[in-house]
Amino acid sequence: MIVLAVDTTGERLSFALGRGDGRPPLTRSSFSKRPHDERLFEEAGRLLRAAGLERGDLDALVAASGPGRFTGIRVGLTFATMLASALGVPAVAVTLFEALAHREALAGGAGRVCVVLPAFRGELFLQEFVLARGKAKPAAPPRWIDAASAGKAEAEAGRRARLLRGEVRAADLLGPALVRLGGRRRSPALPLYLKPANFQRPA
């Protein structure tokens with residue numbers, strides 16, 4: 001199965017192409033002053049050409065659904081779902097939490113972990129998982145923590161689980177996406193917005 005993954009949740013635009021043949025995925029990642037939505041098709045086309053493929057060769061698409069920048073999340077999901085619809089193939093969404101937890105599980109990690117992702121200005125995103133036999137199962141809902149509470153929340157999470165940090169790339173979306181694509185029931189590709197819009201910490 002040929003799957004194109006895209007992550008637009010942060011400043012970096014990241015693509016990965018899984019070809020289902022046992023070889024490592026092809027990747028493309030870049031920073032630019034141009035908005036992501038102006039570069040998506042251009043960058044995706046370059047990756048496909050490098051693989052000797054065309055859009056019509058894709059069997060599925062996956063986009064990072066968050067957490068991250070509101071606009072970035074929308075851009076990536078819109079790109080994946082619209083292109084998938086045009087090609088007549090499925091599109092799925094994978095959170096950055098799932099991607100990092102799945103990567104750790106495949107590497108042999110086990111037990112309860114708390115994925116810790118940096119947000120903005122000292123804020124944090126957290127979610128706990130249980131890892132076993134190469135799989136990652138959510139153990140609690142994802143949370144956004146404001147900067148004033150971040151230290152305490154992280155310490156509390158560390159008492160319950162092993163803290164798991166790391167950079168997530170589009171290639172990390174492929175594993176969870178393939179699991180989701182192989183399931184009998186597929187959930188819709190929905191965004192994960194954790195931070196309240198126009199948030200202001202109470203005085």
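Visitor: What makes the space of about 410 Å³ count as the largest pocket?

Guide: About 410 Å³ lies in the largest pocket. A pocket is an open set of points on a 1 Å grid over the protein atoms alone, with protein on both sides within 12 Å along at least five of seven lines; lining residues have an atom within 4 Å of a point. The volume is the space filled by probe spheres set on the points. Of the 19 lining residues, T9, G10, E11, L96 and P118 are the closest to the centre.

This is a predicted model, where local features need pLDDT of at least 70. Residues are numbered from 1 along each chain.

Visitor: Which residues line the second largest pocket?

Guide: Among them are E98, H102, F129 and K135. The space there is about 270 Å³.

Visitor: Why is R121 called exposed?

Guide: Exposed means over 50% relative accessible area, buried under 20%, partly exposed in between (1.4 Å probe, protein chains only). R121 has 68%, so R121 is exposed.

Visitor: Why is R133 called exposed?

Guide: The relative accessible area of R133 is 82%, so R133 is exposed too.

Visitor: What is the phi of R121, which is not a glycine?

Guide: R121 has a positive phi of about 55°. Phi of R133 is also positive, near 50°. Most residues other than glycine have a negative phi.

Visitor: What kind of peptide bond joins G66 and P67?

Guide: The bond is cis, with omega about 0°. Most peptide bonds are trans.

Note on methods: This is a predicted model: local features need pLDDT of at least 70, side-chain atom pairs count only at pLDDT 80 or more; totals for chains, interfaces and linings use all residues. Side-chain values use heavy atoms; hydrogens and water are left out. On a 1 Å grid over the protein atoms alone, a cavity is a set of points where a 1.4 Å probe fits but cannot get out, and a pocket is an open set with protein on both sides within 12 Å along at least five of seven lines; lining residues have an atom within 4 Å of a point.
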